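Me: I am new to reading protein models. Could you take me through this one, feature by feature?

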Amino acid sequence: MIIGICHVPHPSSQPYACEMHVISADPVVVPAAKSPVTPPLAAPGRAWTVAGVHAAGLYLTAPADVTAPTDVTVPSGQRTLVIPVIGLGAYDLPTAIRAHVPADVLTTGVRTGDRVAAEPDRLLLPAAQLHIRRMWRPQRISGVPGLGIGRWHPDEHSAGHRGRALDPGAVRAVLQPGIADAEASAEDIVATALSCSRGAASGCGRGDEALAERVAALIGRGPGLTPSGDDVLSGIALALRWQSAWCALAQLRAALTPQLATTTAISASLLEAALDGWCTTAVTRALGAAQAGDLPAFAAHLGAIGHTSGYDLGAGVVATCRALSQPSSHSAGGTPDPTEGEDCAVSR
């Protein structure tokens, strides 16, 4: 079979020509799995574009509004759907389609900018046809006792113990921060979210604008498809769920969601997942180590996420746990997220 892949140039380049990349091969049929939060592959008018190819697989993107163009190399400007397509040994990103094959089976003949055909349960790559036959369940942080890794109960650990177990200076000695003020920015956002939640509970002003400004100063900061500032925000969101700080999480969600379009599409999809508690196995292991007070294991699991990404996510976790250990934070609980629970899927 001869497969022709149309490489669409960036809109800024002229003229608009379609460069054909030809592969002589019969695609391999590969069983694959999607998660409850993987965006639907097929929709009227939806076209998937390869946003990036890496050692573990590739990223596909498509506008949620099928009438709008997509450029994932810059802030998205609109809601964009993202699907990681990953092979063996890849991070278990919560929205991914996973295949139990080496990544090069998925990436052979694929280049950034390619259009990829998709059906409801089939993805047509140059060297592989992925048949999605089952579901896989990503890790999800839960604040309900008995689910997930549970919460850190104040009556079981003193504030002093928590401060020592999650000392950011000790983590910094092992991992490299992506931005210099990750901890300070995270602490400022958490303190403001807690203040907003107390204001909402008492009927006073909620400080929404102040929180939105602090989130705006952090989101999209740093290089790459997942900027460091976004990793910090993910850590805050996940730790607020972990500690059952539902009111503060609701405040963060309200401030962050309208700003997702100001960062990269891939990072926005991971932030959106983090707000709902979805994350990788390395994150749940890191939080489990934090709960046990095992700082070396906490840092090691964060390091598995990425040298800077792990630290920045950890900075968000540390800042959140420190803020919630203060007596003034005890009213930040609130009503649990209605989507909470191992069997809940997040609709898209």
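This is a predicted model: local features need pLDDT of at least 70, side-chain atom pairs count only at pLDDT 80 or more; totals for chains, interfaces and linings use all residues.

Me: Start with the overall make-up. How many helices and strands does the protein have?

Reply: There are 11 helices and 12 strands. The chain has 348 residues, and 50% of them count as buried.

Me: What share of the contacts links residues 24 or more positions apart?

Reply: Take the contacts with a separation of 6 or more. Residues 24 or more positions apart make up 70% of these.

Me: Now the strands. Which way does S3 run against S10, parallel or antiparallel?

Reply: First the general idea. In a regular strand, side chains alternate between the two faces of the sheet. Now the case here. Strand S3 (residues 28-34) and strand S10 (residues 128-135) run parallel, joined by seven bridges. Val-30 stands opposite Leu-130 in S10.

Me: What about S9 and S10? How do they pair?

Reply: Strand S9 (residues 122-124) pairs with S10 in the antiparallel sense, over three bridges. A hairpin of three residues links S9 to S10. Leu-123 has Leu-130 of S10 as its bridge partner. Leu-130 also stands opposite Val-30.

Me: Let me try a single residue. Where does Asp-92 lie?

Reply: Look in the loop between strand S6 (80-86) and strand S7 (97-99). Asp-92 is buried, yet it has no salt bridge.

Me: Why does Arg-98 not count as a salt-bridge partner of Asp-92?

Reply: A salt bridge needs a side-chain nitrogen of Lys or Arg within 4 Å of a carboxyl oxygen of Asp or Glu. Arg-98 is the nearest side chain of opposite charge, but it is 5.0 Å away, so no salt bridge is counted.

Me: Which side chain makes a polar contact with Asp-92?

Reply: That of Thr-281, at 2.5 Å. Leaving aside neighbours within four places in sequence, Asp-92 also touches other residues, among them Ile-86, Trp-136, Gln-139 and Cys-279. Arg-98 is in contact with Asp-92 too.

Me: One last residue. Is Ala-191 buried, partly exposed or exposed?

Reply: Partly exposed, because its relative accessibility is 39%. The band for that label lies between 20% and 50%. Ala-191 sits in helix H4 (residues 182-202).

Me: How far is Ala-191 from Ala-248?

Reply: Along the chain, they are 57 residues apart.

Terms used:
Residues are numbered from 1 along each chain as its sequence is written. Side-chain values use heavy atoms; hydrogens and water are left out. Helices (H or I, at least four residues) and strands (E, at least two) are DSSP runs, numbered from the N terminus. Buried means under 20% relative accessible area, exposed over 50%, partly exposed in between (1.4 Å probe, protein chains only). Contact means heavy atoms within 4.5 Å. Lys and Arg count as positive and Asp and Glu as negative; His and the chain ends are not counted. A polar contact is a pair of N or O atoms within 3.5 Å; within protein, one must be able to donate a hydrogen and the other to accept it, and residues adjacent in sequence count only if both atoms are side-chain atoms. Two strands pair if DSSP finds at least two bridges between them.
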